[in-house]
Amino acid sequence: MHDNSRLVLDRVLRFVLERVEPAIYRAVSPLAVTAWEAPDEPVPFADAVGRRFAAVTPGTPWGRPWGTTWFHVTGEVPAGWRERGRVEVVCDLGFTGATPGFQAEGLVYAPDGSIVKAIEPLNAYVPVPRDEDRIDLYIEAASNPNIGGDWTFQPTPLGLKETAGGDPLYVLRRIDVALRDETVWELDRDLWTLRGLLAELPAATSRAAEILRALEHAVDAVDPHDVAGTAQAGRDALAGVLAAPASASAHRVTAVGHAHIDSAWLWPVRETIRKCARTFSNVLHLMDEDPGLVFACSSAQQYAWMQEFYPELFERIRARVAEGRFVPVGGMWVESDTNMPGGEAMVRQFLLGKAFFARELGVDPSVGWLPDSFGYTGALPQILRGAGVPYFLTQKISWNETDLFPHHTFLWEGIDGSRVLTHFPPVDTYNSTLSGADLARAERNFAEKGEANSSIVPFGYGDGGGGPTREMLAAAARTRSLEGSPIVRIASPETFFREAEAEYARPPVWSGELYLEFHRGTYTSQARTKRGNRRSEHLLREAELWATTAAVRSGTAYPYDDLERAWRTVLLHQFHDILPGSSIAWVHREAESAYARVAEELESLIAQAIARASRDGDEASGVLAHASPFAIAGVPALGAGVPVRSGSVSIERTGERIVLASDRARFVLDGTGHVVSAVDLASGREAIAPGEAAAELQLFRDTPSAWDAWDVDVHYRRHGETIAAVDAIEIVAEGPERVAVRVDRSFGASRVSSELSLEAGSATLELRIGLDWHERQRLLKLAFPLDVHAGRAASEVQFGHVERATHENTSWDAARFETSAHRWVHVGEPGFGVAIANDSTYGHDVTRIPRAGGGTATLVRQSLVRAPLFPDPEADQGRHELRSSLTVGASIGDAVREGYRINLPLRPARAPIAPLVRVSEPAVVVEAVKLAEDRSGDVVVRLYESLGARTRTAVAFDFPVARAVETDLLERELRELPGDGEARVSLELGPFQVRTVRLRRR
């Protein structure tokens, strides 16, 4: 036989496009349409339907950017249609070729205000009930701009309503009643599935030839002039190849309905709420149509929005959850970033998320679900386990630029040794359509072949929502057992994980962080958002500690509702496109406003609580309160006292040099205001590398190849300069407790004022940086070249730290050229170390540099600000306030202490306050003191081991204790704790272990 396969395929494709697809609707009739445009923000259904609507016709422009237009659609089902097929309303709002969720979309209401379903570019129909001939619908149409465009990352004014303009974005094409031919539609689905499978099969196989000829015969069987009348003949020609069963060794796919909805990104939070309603209404409609659909949905916040804004829809979701078909996953408040949120904030993601799921939906999610976050902290396995989540799914590591991750199903081991069974869907997408290409990719990529043979494929349009479609369900039905294809069944994620656990007895182990070799700029972009997060986390720590202290000491009512509201705000803004700085301007402006409100409310709570906990004193007493887990200057940890200053400090100017000295350290500034010497007096060691200067501001070209707000590319290193010019150097404090120098500089269109200060008895030089930033596509770093030969650098993460190589021996090392750290980075040799701390910076790079005189030194740099142009062309412009510090002769324990010190202020109190909690072992850190979530009045204390060593500590409580128990992170009781007296327990903690103690008060 001659090979005419290309001709056959070309014929089939043209036949589908020109004959089959146009015949899916065998008749259409236009409907009457009127419209009303909301003047500004969206309005509820009840408000909209009372407005004056005007007639519109196809071809009418509509929808300014971020606007809302309500269409009222009326008409009749033409006589005789009911007997000939399924009647639907078909809408084209002016859809473009962009992905669903990145353009216009609409929510359809019945006249009584009940939601029918949504209108999306590839899901543009609304069923007309069989018992109704009258059509009467309202469409709330959102004219959202396509910010991504063609993904060339060009600056756009569309990300802010004030700059987006007022011209219509879309043109209404059609709103018709249409008669769908079920047989033609099924034929189209048969053809789609087989064409997709054929494209993945080796051309020389018998199965490929069989499918090719079946497709050819189907086209022969269908009369192009009477597709409707002969479609069944075409289906009959394909029936044989569709009925051929899959092989016994075929890869097994668990298909999970899914719609990854970014809680904000290229749209504001208010639009996400509507996206959720649109997507979930589509899912509920599909569940009515197909009893086999199972849909997984994360983020308690999104369910809470439905409960608040769409209560009828939420009740429908609740009913499907009870059936096990609408499946809450993740257990978190949102799908957060995991690199930057603090340890307690990560706990609260699960504490608040799981509490909502249990209270409102009666479920306890067991599968962690973060398909799109930008890397995963090594602390996460312990947090997952502690929250009752034994399984974890992500897909994002497939985006690595350099290294191919070696596993798809494996045990992920955290920094403390906790392990969770983890799955990376080898399909390499969380937005599958269940196409032949997707299914073949899942099988081809699967790395565990021979030991295991199953994977998850999340299917449904996502990012901007949309979810599964009936076409995807048709694909799943056809590939349930189809020769040449993986075996597809629709089921829940938990079903997959339980089966995978049984199938794969000895999965491989990956230890430590899951670093994403991509999107490294997200540690730095939108610095004000990041500062708001860091400040809010520490304010919440303070508010809970002092509110608990006031409740225990004086019976003050605990502000449960105020604290939960603040936590919900902070947790929402830890979403993986908000805190990382990769959203439009609208999102980040709202985030900054939200953080300001949180700060105002919490500052008030803190002041009131400290006053009530120390109410018997005098405001002028000189007493200071400190929420740090470490005592400072005579102020007790977690308490209040009169500071006791010790040691000395001096400042001297000799020529161009200024020397700041305490009884522990001496720092020398040169004529440019840079630190050229930093000596630890106890050891006599110089911390600054020979011939180098620290506290240098370095400015780099920052033009990544793509993904501007997301990426820092390694080539930035080749295009940098030190900002050396000085406008002024002035001594601004001369003791006796503190000395300080202010250095003013200007560069480009920007100005910076840095204050370098040293306190008596301290080995820490603190830098306060006030920056007025107006550069574009630049990266500003703060550099510390240190005379330390460090093979690895320790960087703080949640509840501990990770050690990363400073060399580039392997591709994995080289790819880790920008990393995240929380409050500190430590580099050292045996017997000597240096700590670099901060109050709001996350991005760092730590490398080796040649040392004058031989050997190597270690360069630590903090990434302070960037200036990407997409998606927010004004990102980071304006004022920034940052603090950093350099501590010489520092151990890791000293770094931990300094990290808390620089992030937690001393506050005035009326009288000394005895700490509620004391620990005997300095390595054990008290991370949270609060009252229990169940509002029982029990005190909850969370502690962790901070140095990476097994230790034992006594924990004493300064209040009468009736009972002490250990709980999980959700405050669920695990075991009773043996006491040592009435108010004391002894705890053993493993390296980086987190333990939670719950105390019933007498």
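Author: This is a predicted model. Its second largest pocket has a volume of about 770 Å³.

Reader: Which residues lie nearest the centre of that second largest pocket?

Author: Tyr 25, Pro 121, Leu 122, Asn 123 and Glu 471 do, out of 27 residues in the lining. Helix 1, strand 6 (86–92), strand 12 (174–180), helix 3 and helix 12 (470–478) each give two or more residues to that lining.

Reader: Which helix gives the most to the lining of the second largest pocket?

Author: Helix 3, with five residues. By class, the lining has 14 nonpolar, three polar and ten charged residues.

Reader: Back to helix 1. What should its 19 residues span, and why?

Author: Helix 1 covers residues 5–23, and at 1.5 Å a residue it should span 27 Å. The C-alpha atoms at its ends are 26 Å apart, so the two values agree.

Reader: Where does helix 1 bend?

Author: At Val 16, by about 40°. Val 16 is also one of the buried residues of helix 1, along with Val 8, Val 12, Phe 15, Val 20 and Ala 23.

Reader: What covers the buried residues of helix 1?

Author: The cover includes strand 1 (25–30), helix 3 (182–200), helix 4 (206–221) and helix 5 (227–243). Helix 3 is the element that gives the most to the lining of the second largest pocket.

Reader: OK, what volume does the largest pocket have?

Author: About 950 Å³. Its lining has 36 residues, and Ile 632, Glu 759, Ser 762, Glu 898 and Arg 901 lie nearest the centre. Helix 18 gives the most to this lining, with six residues.

Reader: New topic. How many cavities of 30 Å³ or more are there?

Author: A search of the whole structure finds nine.

Reader: What lines the largest cavity?

Author: There are 23 lining residues, with Gly 342, Gly 343, Glu 537, Arg 823 and Glu 927 nearest the centre. Helix 14 supplies the largest share, five residues. By class, the lining has nine nonpolar, five polar and nine charged residues.

Reader: And which element supplies the largest share for the second largest cavity?

Author: Strand 42, with three residues. That lining has 17 residues, and Ala 805, Thr 806, Arg 816, Thr 819 and Val 846 lie nearest the centre. Five of the lining residues are nonpolar, five polar and seven charged.

How values were computed. Residues numbered from 1 in each chain as written. Predicted model: local features only at pLDDT ≥ 70, side-chain atom pairs only at ≥ 80, totals over all residues. Heavy atoms only, no water. Helix = DSSP H or I, 4+ residues; strand = E, 2+ residues; numbered from the N terminus. Expected span 1.5 Å × (residues − 1). Bend = angle between axes of the 7 residues up to and from the residue. Buried < 20%, exposed > 50% of the residue type's maximum accessible area, 1.4 Å probe, protein only. Contact = heavy atoms within 4.5 Å. 1 Å grid on protein atoms, 1.4 Å probe; cavity = no way out; pocket = protein on both sides within 12 Å on 5 of 7 lines; lining within 4 Å. Points joined across faces, edges and corners; volume = space filled by probe spheres on them. Nonpolar A, V, L, I, M, F, W, Y, C, P; charged D, E, K, R; others polar.
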